[in-house]
Amino acid sequence: MALDILAMAPLYQVPTINRIGPKTDPSKRPADSLKPFVPSKIKLTTIEAKRIMSVLDEAIYKVELVTLLSYVASNRGNVEGMLGEDIMRAVREHEDLCQVLLEIVRCLKEKERQLQEQDEAKEEGWLRDRRLSIELQKSSLPPLRQQIKDSTKNVLRLLLSNPQAASFLQMQTQGRSAEAQSLIDSLNELRGFLFEKLLTSPMEARDKAQFIQDISKQNSVNQQIIDTLENELAERMKDRHAEEEFEDLEAVHREEKIMLEELRRKHQVLVEEFAQIQEEREINSKKRMEAEQEMLHMVRAATLIQAVWKGYLVRSLLRSRKKRGKGKAKDKEKGKAKGKGKK
């Protein structure tokens, strides 16, 4: 089910964040440079940014529904009462199309395997007819794939027009495959990255890039100093053949060791500060994600309540009209009875 969407799951790679080297010497930089680069805004303010997030949220929501169609098809008895006849009919039609596609693909693979095994044993005419049959079957795949796409859109349309059914289906997470869940997790992670990107102003982005560039440069300088000191130490240790010289080298070694330890200490402090900054950013990002999810749940709940309330109003209106109709019928009967009495 939903072959085009599920086929994307193994291709998605979660981005990795490389470890960043030490910053510049804290004594030579202002204290503000060590503050975490957290976006100054916590909410989207521009219409474009809100539209982007709305499109992505809608796409994730639809993927969540589509990846559960296989569960619906294999558990019809459990979900038919909640989803309704129209949705179940559309799901069955969608499943039939998918089964036809899978069967055609299986037959094509089998024919191609047989063709390869008998490529030299059979006559040229038989091989030509076999290849023509395979090509004809392949030509039927694009229209069938388009039918499956249209069928998927139709099922989604029916689900979105029935919020109660969609909410029920969305809660059946145990029926989703591991690959589909991995895709959804990746999409949610992408949403977090995109949300943080939209919150970051151009000036904040430039400051962040400059900050990382400064750290990398200083790390390179520190590493060069360490390499130079280690090389000098190694060379001097080789030439230590006399004792008045041994004492001199020992003193130099102690000084260089002190310098090396100082550089390592500074390097460790900067690494710890950067780890703290990264942790605070992750915590803030998680809080924003939770707030967004809570708001989304509240909006969907409000939509469901409105739909139920509208249904109640319609039923109340129909009952009142029915009562008025009965009242008019009784009045007509009374009028007829009075007319007969006068006669």
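This is a predicted model: local features need pLDDT of at least 70, side-chain atom pairs count only at pLDDT 80 or more; totals for chains, interfaces and linings use all residues.

Trainee: How many helices and strands does the chain have?
Mentor: 11 helices and zero strands. Helices (H or I, at least four residues) and strands (E, at least two) are DSSP runs, numbered from the N terminus.

Trainee: And what percentage of the residues count as buried?
Mentor: 26% of the 343 residues. Buried means under 20% relative accessible area, exposed over 50%, partly exposed in between (1.4 Å probe, protein chains only).

Trainee: OK, helix pairs. At what angle do α5 and α7 pack?
Mentor: About 160°, with the axes of α5 (residues 85–117) and α7 (residues 141–160) 9 Å apart. Axes are lines fitted to C-alpha atoms, for helices over the stretch in contact, and angles run from 0 to 180 degrees between N-to-C directions.

Trainee: So how are they oriented to each other, parallel or antiparallel?
Mentor: Roughly antiparallel; angles under 35 degrees count as roughly parallel, over 145 as roughly antiparallel, 65 to 115 as roughly perpendicular and the rest as oblique.

Trainee: What about α4 and α8?
Mentor: Helix α4 (residues 76–83) packs against helix α8 (residues 163–170) at about 150°, axes 9 Å apart. That makes this pair roughly antiparallel.

Trainee: Which residues of α4 and α8 meet?
Mentor: N78, V79, M82 and L83 from α4 meet A165, F168 and L169 from α8, where contact means heavy atoms within 4.5 Å.

Trainee: Switching topic: where is E196, and is it buried or exposed?
Mentor: E196 sits in helix α9 (residues 178–199). E196 counts as buried because its relative accessible area is 14%.

Trainee: Which side chain does E196 pair with?
Mentor: R281, through a polar contact of 2.7 Å between the side chains. A polar contact is a pair of N or O atoms within 3.5 Å; within protein, one must be able to donate a hydrogen and the other to accept it, and residues adjacent in sequence count only if both atoms are side-chain atoms.

Definitions and conventions. Residues are numbered from 1 along each chain as its sequence is written. Side-chain values use heavy atoms; hydrogens and water are left out.
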